[in-house]
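This report goes through selected parts of one predicted model.

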Amino acid sequence: MSRRPASDSASTAAHGSRARVVVVGAGAVGLAVALQLRRAGVDRVVVIDRNASAGMGSTSRANGGVRAQFTTRVNITFSQFTIERLRELDEQTGGQVGFRGVGYLFLTGTDSGEIALRRAWELQRSLGVDVQWLSAAEVIELAPFVNVDGLAAAAFSAGDGIIDPHGVVSALWQEARRLDAGFIFDAEVLDLAGDGDGATVRTTAGDMHADFVVNAAGPSARNLAAKAGVDLPVTSRRRNLACTEPVSGFPAAIPMCVDADTGVLIRREGAGFLIGFSDPGDPPSTDTAFDPAFLDAIAARIGNRFPFLEDVPISLRKCWAGLYPETPDHHAIVGAPPDMPWFIQCAGFGGHGIMHSIAAGQAVTELVTAGRCTTFDLHPLRVNRFNESGGALETAVL
Ligand SMILES: Cc1cc2nc3c(=O)[nH]c(=O)nc-3n(C[C@H](O)[C@H](O)[C@H](O)COP(=O)(O)OP(=O)(O)OC[C@H]3O[C@@H](n4cnc5c(N)ncnc54)[C@H](O)[C@@H]3O)c2cc1C
């Protein structure tokens, strides 16, 4: 991760200063919020992070997938918006984002899997996502290493792809700084005290007043919200990734291939392959050490669609873990509690925080500038939905 420039330091937290918006968290989400606010001309935007630099939290551990193949309207539209702008940012920054349009390929061999995939495919297409329904022969053409025995259905969207998470951080941060967003590092937010006019943000580097505070604290969002007395159901879950040693004889560019029946996904990483799997039964955890049991979990599942990887050794130097900031329905929380309009939550993005970051930034910007969001329907993401029944549930959780 790139180091901060000398001008960004805790000393800029002028004691007693006044911001229009304080964004807590300089991960992909907080950076995108700051960027969109500045693009909309909102003055005095200050991002505060307890780490020494930007993008050192969950964002630094991400796989780098970006996809519009979700199962709910809001998640699809957040992806579409963000992917388009990540492509633009990539061009604007000379390729810093590292966008590779390799697509995502979903595979299933069960009747229920086929029904779910078709339902998602119909919704995605109705929203303008160019996702194709593939036969087994077409799957083999695209990804000759896939075991298509018993394949019931497959869907592929060429508009999905892969980005470099560190590159996204650099590009968002660079753009936000160019537009004069302020950054304060090595400063932890200790307390938030609302008043009639916003809130006082108490930090280890001094206090500031803000008209709006944005909670972009990733897996720590619940802790931050609690400082203002808000109970936010964001829990952190450890997620692991493992890379193989080099494997020859396969194309250098392959889609992100998802076995929807086991949850295992693979993509190219250098000369080898990267393998991901999120066990829905994992308990909440803040442990970011790689879990060796993950290797047993993938060994038990990889043979279903990707048997060519069964005997390929894992490179133990290239295995890592990080935290998903999860919510019970696998949708983010974007909006303020009704009685605290100054405290905008922008958290709980699970395994899709980078691919939803710029849309989240846009939504928060509209809440700040207009008091409501017209680009997206934020109703499914409202803070107080968890006590109600019948809300949307995202099932394409990877
Ligand atoms: C293994 C793995 C694979 C993933 N793969 C993908 C993927 O393919 N695509 C995708 O889109 N997403 C992926 N994700 C998810 C993605 O990484 C997260 O959703 C995203 O990074 C969340 O961004 P964030 O800015 O909300 O949080 P973070 O990046 O964690 O940033 C939050 C920041 O808040 C700061 N902070 C917290 N509390 C305080 C405080 N009190 N005071 C000051 N600062 C504070 C922290 O220091 C941190 O820097 C993956 C995650 C993991 C772990």
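## Helix α5

α5 is followed by D180, whose phi is positive, near 75°. The model is predicted: local features need pLDDT of at least 70, side-chain atom pairs count only at pLDDT 80 or more, and totals for chains, interfaces and linings use all residues. Residue numbers start from 1 along each chain as its sequence is written.

α5 covers residues 165-178, and its 14 residues reach 20 Å from the first C-alpha to the last. That is close to the 20 Å expected at 1.5 Å a residue, where the expected span is 1.5 Å times one less than the number of residues. Because 11 of the 14 residues are buried, α5 is largely enclosed by the rest of the structure. Buried means that 20 or more other C-beta atoms lie within 10 Å of the residue's own; exposed means 12 or fewer, and partly exposed is in between, with C-beta atoms placed from the backbone. The buried residues of α5 include W173, E175 and R177. Their cover includes α1 and α2.

## Helix α8

α8 (residues 357-370) also has 14 residues, with 20 Å from first C-alpha to last, close to the 20 Å expected at 1.5 Å a residue. The helix is mostly covered, with 11 of its 14 residues buried. Among them are S357, I358, Q362, T365, L367 and V368. An α-helix has 3.6 residues a turn, so residues three or four places apart point the same way.

The elements that cover the buried residues of α8 include the strands β1 (17-24), β11 (206-215), β17 (333-335) and β18 (343-347), together with the helices α1 (28-39) and α2 (73-92). Just after α8, G371 has a positive phi of about 80°.

## Strand β4

In β4 (residues 104-108), five of five residues are buried. Both faces are covered: Y104, F106 and T108 lie on one side, L105 and L107 on the other. In a regular strand the side chains alternate between the two faces of the sheet.

Strands count as paired if DSSP finds at least two bridges between them. β4 is joined by five bridges to β6 (residues 153-157), and the two run antiparallel. Four bridges join β4 to β13 (residues 256-259), in this case parallel. F106 stands opposite A155 in β6 and opposite V258 in β13.

## Two single residues

L224 is found in helix α6 (residues 221-226). L224 counts as buried because it has 24 C-beta neighbours inside 10 Å. Not counting residues up to four places away in sequence, L224 touches V24, V189, N215 and A217; contact requires C-beta atoms, placed from the backbone, within 7 Å. D282 is 58 residues from L224 along the chain, and their C-alpha atoms are separated by 23 Å.

R100 sits in the loop between α2 and β4. With 17 C-beta neighbours inside 10 Å, R100 counts as partly exposed. Leaving aside neighbours within four places in sequence, R100 is in contact with G161 and I162. R100 and L265 are 165 residues apart in sequence and 17 Å apart in space, C-alpha to C-alpha.

## Domains

The domain assignment gives domain 1 (10-60 + 166-234 + 329-387) and domain 2 (104-158 + 236-325); such bounds come from an automatic or database assignment. The C-alpha centres of domain 1 and domain 2 lie 32 Å apart. Contact between them involves 10 residues of domain 1 and eight residues of domain 2. On the domain 1 side, the touching residues divide into five nonpolar, five polar and no charged. Ala, Val, Leu, Ile, Met, Phe, Trp, Tyr, Cys and Pro count as nonpolar, Asp, Glu, Lys and Arg as charged, and the others, Gly among them, as polar.

## Ligand shell

How many residues surround the ligand? The shell holds 41 residues, and the closest are G27, G57, G218, G322 and G353. A residue is near a molecule if its C-beta atom, placed from the backbone, lies within 6 Å of it. The shell divides into 19 nonpolar, 17 polar and five charged residues.

α1, β12 (235-244) and β16 (314-326) each supply at least two residues of the shell. β16 gives the most, with four residues. At least three residues of the shell come from each of domain 1 and domain 2.

Key
Contact = placed C-beta atoms within 7 Å.
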